[in-house]
Protein chains: 2
Amino acid sequence: MQSSSRGRRLDAVSGPFTPRTPRVVAARRLQRRRDREAAGRFLAEGPQAVREALARPGVVAELFGTPAALDRHAGLAADAARADVPVSEVTDEALAALAETVAPQGLVAVCRHLDVPLERALAGGPRLVAVLAEIRDPGNAGTVLRTADAAGAGAVVFAGDAVDPYNGKCVRASAGSLFHVDVVRAPDPVDVVAALRAAGLAVFATTGYGEDDLDDLADAGRLAAPTAWLFGSEAHGLPEELTAAADARVRVPLHGRAESLNLAAAAAVCLYASARAQR
Amino acid sequence: MQSSSRGRRLDAVSGPFTPRTPRVVAARRLQRRRDREAAGRFLAEGPQAVREALARPGVVAELFGTPAALDRHAGLAADAARADVPVSEVTDEALAALAETVAPQGLVAVCRHLDVPLERALAGGPRLVAVLAEIRDPGNAGTVLRTADAAGAGAVVFAGDAVDPYNGKCVRASAGSLFHVDVVRAPDPVDVVAALRAAGLAVFATTGYGEDDLDDLADAGRLAAPTAWLFGSEAHGLPEELTAAADARVRVPLHGRAESLNLAAAAAVCLYASARAQR
């Protein structure tokens, strides 16, 4: 290996990495959950995600890009090089193999897992927390992560048998928010509720059958306190032991004839109701 | 054709319809937009959509179901028969050909287009209207339609070069709400804004660069009036001529570090802010 004239590592003999180059082969394995777990690493694709990842010191382990993309995003490549992150040119074919989208925009970063223990996230005293309990759909989980970030949440907890936050679709749906908030992975959602309450947060479970209407909670001033919201899957809702453990079971009012809201919409309404009440 | 013992039409010779039965072939063509336009019909699949469609007199033109599904949902089949809607048994293969999902639950209805002119929708005096301007993603459009219904909107306008509301993915994402609210298709979004204002609605354009913060509008009492919200596509936002024509350009506050919200989340926050202010 040597540095190219543009400061990027190139294999002196064979040029940009191909789909068969061992480092590309190794990175591509991170598309599978068990390989992500084994390596403690995941992939983030596209310039926006790479920029957000580079903004977190120590997160990016390696950056791959096509020559055209590394030219187009020379600032990102320079940021990576400054942070001692290896930057490697790859062929269009290799990039396509690493990326999971049709138009990956030429950049893929190998990132180190960045979740923190729940205790650490709570030590920061977040006033708004979102808990994704047993949510298996990666697009839904990533969207709620993004919405929680926008609403000012300090932490997002993936609890129980939830999707891997490092799943490629979740990373993409989060639109960079995976790198903004404290992400927590916790195996037991009931323990999470106990820890949240011990940290002084009111814990509200969202359910279509909740006895408290969101607007009534807001009117009563109950949304102004530090709050954690529990969200379940669209198909199955929250496990009963979790709704029972919460301080309140809250329904988003349905004013029309829709039977329910989808998860992203319900989470947005609840999290923004808290954000407004807390300000 | 004759009636079976269960009151369903069966071809006396060949049994349930197959993928090659002309009526199945004709219905399947409704998966394509130009055939939907030519026929003025579309497909709705699954028991929930069929139930909602049957609740609108005159909408369902024909119901197909596997024998197992028609038994499982005998009440729906009876409702259809009572409304003089032809009910036909189809093979699993024919059902799979008609349905666009992997698990279609055995029922597909051919429905008549049900959109109404904007003037008619406005004649009902809706206090909340959602306008989807140039939104091409059918899943996003259907989700906003569902959220608008939940928030109590009386009409949803598909304006300009927006997705066909009868696109299968949009119908499914709406989760029945297509059959609940007045759906309007209008070619020119600027004309829509003019008509909305003439009808006495305040017209708010959602944009990340809006000069009015949603919370400030709420605090100022400006959300209590009858309101129409304009939503643009996630990729391109609203056309400038539309943001200029609106009464206000409104941004959803971003409290964290997310650069934006996705469309479904932003629409949910805006529509529910109106719903809360109007009550």
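Tutor: Let's start with a term: contact here means heavy atoms within 4.5 Å. By that rule, 100% of the interface residues of chain B are also interface residues in chain A, so the copies meet through the same surface. Each side is counted too: 34 residues from chain B and 34 residues from chain A.

Bear in mind that this is a predicted model, where local features need pLDDT of at least 70, side-chain atom pairs need 80 or more, and totals for interfaces use all residues. Residues are numbered from 1 along each chain, chains are lettered from A, and side-chain values use heavy atoms, without hydrogens or water.

Now the area. About 2800 Å² is buried between chain B and chain A, with 52% of that from carbon and sulfur atoms (accessible area, 1.4 Å probe, lost on putting the two parts together and summed over both). In chain B, B:His255, B:Arg257 and B:Arg276 lose the most area to chain A, together 22% of what that side buries.

As for charges, there are 4 salt bridges between the chains (a side-chain nitrogen of Lys or Arg within 4 Å of a carboxyl oxygen of Asp or Glu). In one of them, A:Arg276 meets B:Asp219 at 2.9 Å, N to O.

Finally, the symmetry: a rotation of 180° with 0.0 Å of shift along its axis puts chain B on chain A, RMSD 0.0 Å (least squares on C-alpha atoms of residues with pLDDT of at least 70 in both). The two copies are thus related as by a two-fold rotation axis.
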